[in-house]
Amino acid sequence: MDKWIKKDLKYVWHPYTQMKDCRALPPVLIERAKGFKLYDAAGKYYYDTISSWWCNVHGHNHPKIKEAIKKQADSLEHVLFAGFTHKPAILLAEKLVSIAPEGLRKVFFSDNGSTSVEIALKLSFQYWNNTGKKRKKRFISLDHAYHGDTIGGMSVSGVDLFNEVFSPLFFPSYKAPSPYCYRCPVNKKRSSCTVQCIDHLENLLRNKQDEIAALILEPLILAAGGMIVYPVEYLKKARKLTKKYGVHLILDEVATGFGRTGKMFASEYAGVRPDFMCISKGITAGYMPLGATLTTDKVYKAFYSDHEKRKTFYHGHTYTANPLACAAALASLDVFKEEDTLKKANELIPVFHKGIEGFRGLPFAGDVRYIGMIGAIELVRNKKTKRPFDPRERIGVKIYRKGLKRNLILRPLGDIVYLFLPLSVKRKEIDYVLGETYDIISSGGGLNV
Ligand SMILES: *Cc1c(COP(=O)(O)O)cnc(C)c1O
């Protein structure tokens, strides 16, 4: 075993990893990256087909973003953000407000996706407190939702394999069935349904409106829950219902923000204006950790008061609005403009979708779904009955291993193989990645199933 890997296994504990598995399949030591490729110490490359956990946007080692970070480091690397401020944060807040859905006019910075969600939950809760509606302290979220790994984020996520063990720690929250069309919770067909799956949510809102602070949703795709793409009408209706019943709508755009779905923010497809929007991952194009929670003037004003009225939002993180991260985010937004990133991506998105459609005929491909630069194939043991694979077969692990051999990073979510491509991906890279992925999951590729 390589001496670096030996040392890694001696000292490091990796996320989402059974460290015992690392004996047989050690982590890959990456030394550098450029564009769509990661290079390991031996010079072998891997296509970064999941954008380094969904955050890389313009490719790796982009000269403009790199320069911006270097330049910022020459003047100010960090400063506390209470009582002090700095230009990168001010400029970034202004820019974010200018590109966000209308009505979101205030930016509260943090340093990752989970914290951006915690902040939205706490702001919503305290808003109702500050406005005299103290009973409103519960949240609604969807089955299969994912909103982060902190206790608050987990409390409003769908309970699954990952967080089941922590469930005794969660605060109580309401769950609504998710618009999972392939496994419709109300047994309808997408081609003829009128999103009746939302009825349960409406009942909850109607019956519990006095105790509900907010509904939290990932717009248009439940990402970590299985890349479940859902109808725009669901999101539109959810906004109408939350307004009708006096409940906040929190949109968690941590995974979908910054162009991944083909628009800057996924909520644009539905034209909805949330009360809160959480962003992180792609905000710095994957170069620095940063999070932000955007909200309305109305929410802001409910906290704006004399000190002794105790309406202040007492929350903050040491690295709130880190200047290096803000500089990277500003540079990324410049790249969006200069390189016409969204327009170029939208020329290739149909090519990607057409390619992934071609997977439908594969013997184990139960469902194929996609939005923007995200595409997923839900593998099942039996296509007719939609029966899943036995988890003990560890299909995902087999695919991961095969992917690595063919220069791809496929990290299936259970039996759901997905691609989460950077917006800068080239046509021939899409063709190559789709071809190899097809080969791996077709029986001819030797899934041994
Ligand atoms: C990844 C993710 C989070 C959590 O972000 P972290 O930066 O990993 O804490 C929250 N919400 C959604 C929708 C995500 O995809």
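**Views of a predicted protein model**

Buried residues make up 52% of the protein's 449 residues (buried: under 20% relative accessible area, 1.4 Å probe, protein chains only). The model is predicted: local features need pLDDT of at least 70, side-chain atom pairs count only at pLDDT 80 or more, and totals for chains, interfaces and linings use all residues. Numbering runs from 1 along each chain as its sequence is written, and side-chain values use heavy atoms, without hydrogens or water.

**View 1. The fold as a whole.** The protein has 14 helices and 15 strands (DSSP runs: H or I of at least four residues, E of at least two, numbered from the N terminus). Its radius of gyration is 22 Å, close to the 22 Å from the globule rule for 449 residues, so it is as compact as a globular protein of that length (C-alpha atoms; 2.2 Å times the number of residues to the power 0.38). The C-alpha trace spans about 70 × 60 × 45 Å along its principal axes.

**View 2. The second largest pocket.** This pocket holds about 680 Å³ of space (on a 1 Å grid over protein atoms alone, a pocket is an open set of points where a 1.4 Å probe fits, with protein on both sides within 12 Å along at least five of seven lines; the volume is that filled by probe spheres set on the points, joined across faces, edges and corners).

**View 3. The pocket lining.** The second largest pocket has 24 lining residues (an atom within 4 Å of a point). V107, F108, Y300, F313 and H315 lie nearest its centre. β4 (104–110), β12 (291–296) and α10 (297–301) each give two or more residues. The largest share, 4 residues, is from β4.

Note on methods: Buried < 20%, exposed > 50% of the residue type's maximum accessible area, 1.4 Å probe, protein only.
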